[in-house]
Amino acid sequence: MVSYKRDVRILLVGDEKVGKTSLILSLVSEEFAEEVPARAEEITIPADVTPEHVPTCIVDYSAQDQDEDVLQEEIKKASVVCIVYSVVDEDSIQRLTTYWLPYIRFTLGDDHHTPVILVGNKVDLTDIQTLESILPIMNDFGEVETCVECSARTLKNISEVFYYAQKAVLHPTAPVYNPDEKELTSQAKKALTRIFRICDMDNDNVLSDNEINMFQLKCFNSPLHPQALEDVKAIVRKNVPDGVQDGITLKGFLFLHTLFIQKGRHETTWTVLRKFGYDDSLQLTAEYLSPKLLVGVGSTTELTAQGYEFLVRLFDKYDEDKDGCLSPTELQNVFSTCPLMPWGPDVNNTVCTNGEGWITLDGYLAQWTLTTLLDVTRAIEYLAYLGYNYQHESQLTAIQVTRDKKLDLEKRQTARNVFRCHVLGAKSVGKTAFLQGLLHRNLRYVATLNRQNLSNFTVNTVQVYGQDKYLMLHEIDMMMSEMLSPTELDCDVACLVYDVTNPHSFEFCARMYMKHFIDCKIPTLIVASKAEYPEVRQDYELTPAQFCSRFKLPPAQRFTCIDKVNHDVYVKLATMAAYPNLKRLVHMLLVHQRPLWLEERLRHVRGLFQSSPNTYLQVSLGLAVAALLGFTVYKLASSSSKGR
């Protein structure tokens with residue numbers, strides 16, 4: 001596995017004549033040098049010849065050739081510091097605590113995270129081991145990772161010195177293990193708990209054999225042998241009574257990683273942590289959370305089929321009672337692997353919920369669709385928190401970038417599945433009711449809502465010629481709408497709402513159209529709200545019908561939602577967004593009622609299709625219908641062009 005460290009810089013320090021330079025020369029030449037210079041030149045070992053496959057730089061320090069300023073600079077640059085002492089020189093051992101370790105703390109600070117390796121050289125000159133006298137030093141100075149005794153003359157443990165130095169950098173102990181308490185650090189427990197929850201695919205608080213093998217494949221590229229798995233369970237069961245319950249529990253999982261570290265197998269725990277995006281400080285890396293995604297001007301971002309599939313599986317995992325909704329507790333559990341709950345109380349008024357106000361599967365997917373459209377960086381980040389990368393290579397496979405809208409207009413078709421609609425209107429014309437109507441909520445329901453938790457957005461699926469598309473309504477603040485730039489008002493379709501009972505409300509719509517939409521290619525629909533009441537004359541030079549006719553807009557659509565919501569208007573908005581290039585003709589067809597003669601002929605044709613089993617007859621009738629519709633379109637187009 002590739003480490004997050006690009007290289008390792010090992011610095012050797014210590015008193016004179018302890019053998020620092022000899023250690024380096026013995027490693028490089030694999031033989032003891034009788035003539036040793038005052039200081040070895042800096043050496044770089046290529047990645048392909050190091051145990052951890054990381055380029056390693058070895059730096060020697062000599063008080064004869066270098067001053068204290070150089071020493072401090074080298075300590076600051078080092079990834080790991082090896083303090084060399086002579087096992088036959090008591091003074092050099094004493095100087096570990098009286099000079100070298102305090103000096104490193106003085107240079108880096110008392111809370112520094114640079115690991116230190118104690119290296120006892122010249123073991124070939126004595127049979128007495130110094131490790132017992134070194135153990136108290138390791139207990140007093142937490143930055144000391146380990147102690148290695150070696151001999152530059154006989155080459156004993158020379159490779160081990162530099163291996164442990166590399167390991168101390170790539171798999172540090174301090175972030176994951178507290179030696180005083182002999183247990184994992186709180187940060188390590190938190191990170192490993194998140195990993196456990198992601199890997200617990202069925203949310204039963206146990207890693208089954210299949211889940212363990214999937215985990216092994218993802219982290220170590222090979223499953224556990226069945227007997228090895230049983231041996232692991234036996235070890236856990238022996239030490240943690242409730243660590244195994246038809247699988248490994250969270251307690252058992254944490255115990256295993258504690259055991260790995262205590263046995264010196266830090267790399268096992270770090271391999272897991274890094275697979276799930278953690279750096280040496282046990283923080284998720286920026287690269288893991290936010291891989292670069294290029295979104296060009298005029299393009300939007302949507303979820304792919306893979307993205308929706310992952311989110312559906314996540315929903316099913318935490319919908320414990322399988323009622324198709326997420327209760328408040330279930331919703332909290334969905335985001336238990338995230339640092340913060342990304343959705344506030346306004347989400348319940350942004351997407352569809354059940355009668356108790358719990359988010360349905362459709363509402364849950366709609367909210368993710370909204371986030372992906374408006375803030376794709378946040379969507380990508382939370383997919384990482386939720387474990388998308390565990391099942392897929394990168395969150396980028398969950399996101400698709402649509403092509404520039406200009407190309408859609410040129411090609412006369414769009415592949416977009418999410419359309420943004422800006423809703424503008426004067427104060428109190430019914431914009432809130434219009435937004436909530438998209439969620440099939442009538443005015444009586446809207447009256448019960450907490451105004452503080454209302455959102456300026458609603459999103460739901462709408463059928464466009466038999467295909468589900470997402471329509472996102474965004475209420476533009478009345479005061480802000482006067483100052484918005486064309487970029488801020490960029491959308492797929494615009495909706496201008498006026499109140500049929502307020503004679504001054506249409507003027508605002510007319511002014512907004514003239515200011516923002518008259519010269520652009522954004523389809524625009526005017527909506528007459530509160531249509532259940534008699535319409536009063538608008539205090540404007542043109543009536544709404546005259547205004548629409550003059551500027552070749554579809555006729556104003558009447559909207560009411562006291563009891564039953566007039567949902568057709570949302571279908572028309574979505575269809576206008578889907579076919580912006582056919583702005584005049586198709587939109588006229590959409591919003592005009594079909595003539596009675598056409599309805600009669602279509603009913604007659606449908607009856608023939610249903611009653612006739614003959615394929616050839618059906619094909620003939622299909623051609624006839626196509627010709628009939630083509631003639632109808634031609635007539636409307638002709639009348640439209642004459643009116644211009």
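Colleague: Is Arg 558 buried, partly exposed or exposed?

Modeller: This is a predicted model, just so you know. Arg 558 counts as partly exposed, because its relative accessibility is 43%.

Colleague: Which residue forms a salt bridge with Arg 558?

Modeller: That's Glu 535, and the closest N and O atoms are 3.4 Å apart. The pair links distant parts of the chain, 23 residues apart. Glu 535 sits in the loop between β19 and α22, while Arg 558 is in strand β20. Glu 535 is partly exposed too, with a relative accessible area of 40%.

Colleague: Switching topic: how many salt bridges does the structure hold?

Modeller: There are 20. Some share partners: Arg 403, Lys 405, Asp 408, Arg 416, Asp 490 and Asp 492 are joined into one network that way.

Colleague: OK, what about Lys 233, which side chain does it meet in a salt bridge?

Modeller: Asp 209, at 2.7 Å from N to O. Lys 233 is in helix α8 and Asp 209 in helix α7, 24 residues apart.

Colleague: And is Lys 233 buried or exposed?

Modeller: Buried, because its relative accessible area of 7% is under the 20% cut-off. Asp 209 is partly exposed at 31%.

Colleague: Last one: where do Lys 77 and Glu 74 lie?

Modeller: Both are in helix α2, three residues apart, which is about one turn of the helix. Lys 77 is partly exposed at 43% relative accessibility, whereas Glu 74 is buried at 12%.

How values were computed: Residues numbered from 1 in each chain as written. Predicted model: local features only at pLDDT ≥ 70, side-chain atom pairs only at ≥ 80, totals over all residues. Heavy atoms only, no water. Salt bridge = Lys/Arg side-chain N within 4 Å of Asp/Glu carboxyl O. Helix = DSSP H or I, 4+ residues; strand = E, 2+ residues; numbered from the N terminus. Buried < 20%, exposed > 50% of the residue type's maximum accessible area, 1.4 Å probe, protein only.
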